[in-house]
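This report walks through the strands, helices and aromatic rings of one model. Please keep the sequence and the structure in view while reading.

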Amino acid sequence: MRDEILRCLPRQFVFDVLENTDAAFLGAKRVVDDVVGCEEPERAQMLGQHRHWGQEVGFRRAARSNELRIMVPHTTPKGGRFSLVQAGKFVLARAKISTERSILKPSKYMRSLALHNRFLEPYQWYLFLEELDLPTDIIFGLVVTVGPPHWQEEVRPKYIGIGIPTSNLSGWHFRESLD
């Protein structure tokens, strides 16, 4: 799987994602530090939101500068949007997990995207679901970040990696650090 990912993802895209993710963390800290009268509970929430926004923008910028296809669909029901980048047979999104050993929160849109990875699994675990006719030439992957513990200076993510989740988001087919 690693070799296939390396063949499809431009090397410069990976460098740009790393650089833009670091910049998003630092930029979020600067923005929140500049807010006068911001106290701890609000500060933590603002910091998380600004990191998220900065990483989404940086993810799209990295894709744009490497001439990759970018999609920004709405969630269902409408209310949110998320960035998808296509590089060859890989469709990538961006996600945060709580620790390096964590799995993803099974949001509705993540579950629907991860279903594309069913063909990578040897057994059919979906006995009570109707059979979906999904293409087998698309693999859903994620750029995964882990923030530092709350007691550390939050200017860099603790972990940035790429992963291919299982179709039911219970684990990973592949996950490796990009650092």
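## Strand 5 and its neighbours

In strand 5, Gly161 is the bridge partner of Val144, and in strand 6 the partner of Gly161 is Ser177. Helices (H or I, at least four residues) and strands (E, at least two) are DSSP runs numbered from the N terminus, and two strands count as paired if DSSP finds at least two bridges between them. Strand 4 and strand 5 run antiparallel and are joined by five bridges, while strand 5 and strand 6 (residues 172-177) also pair in the antiparallel sense, over five bridges. Ile162 stands opposite Glu176 in strand 6. The hairpin of strand 5 and strand 6 has six residues between the strands, and there Leu169 takes a positive phi near 60 degrees.

## Basis of the values

The model is predicted, and local features need pLDDT of at least 70, side-chain atom pairs count only at pLDDT 80 or more, and totals for chains, interfaces and linings use all residues. Residues are numbered from 1 along each chain as its sequence is written, and side-chain values use heavy atoms, with hydrogens and water left out.

## The sheet and the helices on it

Six strands form an open sheet in the order 1-2-3-4-5-6, with mixed pairing. Strand 1 and strand 6 are the edge strands, each pairing on one side only. From one strand to the next the twist averages 25 degrees; axes are lines fitted to C-alpha atoms, for helices over the stretch in contact, and angles run from 0 to 180 degrees between N-to-C directions. Helix 2 packs on the sheet, touching strand 2, strand 3, strand 4 and strand 5, and its direction makes about 125 degrees with that of strand 5, where contact means heavy atoms within 4.5 Å. Helix 3 also packs on the sheet, touching strand 1, strand 2, strand 3 and strand 4, and its direction makes about 160 degrees with that of strand 3.

Helix 3 (residues 40-65) has 26 residues and reaches 37 Å from its first C-alpha to its last, close to the 38 Å expected at 1.5 Å a residue, the expected span being 1.5 Å times one less than the number of residues. Its buried residues include Leu47, Arg51 and Phe59, and the buried residues of helix 3 pack against helix 2 (11-33) as well as strands 1 to 4. Helix 3 is followed by Glu67, whose phi is positive, near 55 degrees.

## Aromatic pairs

Rings of Phe, Tyr and Trp (its six-membered ring) pair if their centres lie within 6.5 Å, and planes under 30 degrees apart count as stacked, over 60 as edge-to-face and the rest as tilted. By this rule the count comes to two aromatic pairs. The rings of Phe13 and Phe59 have their centres 6.2 Å apart and their planes at 55 degrees, so this pair is tilted. It links distant parts of the chain, with Phe13 in helix 2 and Phe59 in helix 3, 46 residues apart.

Phe82 and Tyr109 form a stacked pair, 4.1 Å centre to centre with 20 degrees between the planes. Phe82 counts as buried at 9% relative accessibility, whereas Tyr109 is partly exposed, with a relative accessible area of 24%.

Technical notes. Buried means under 20% relative accessible area, exposed over 50%, partly exposed in between (1.4 Å probe, protein chains only).
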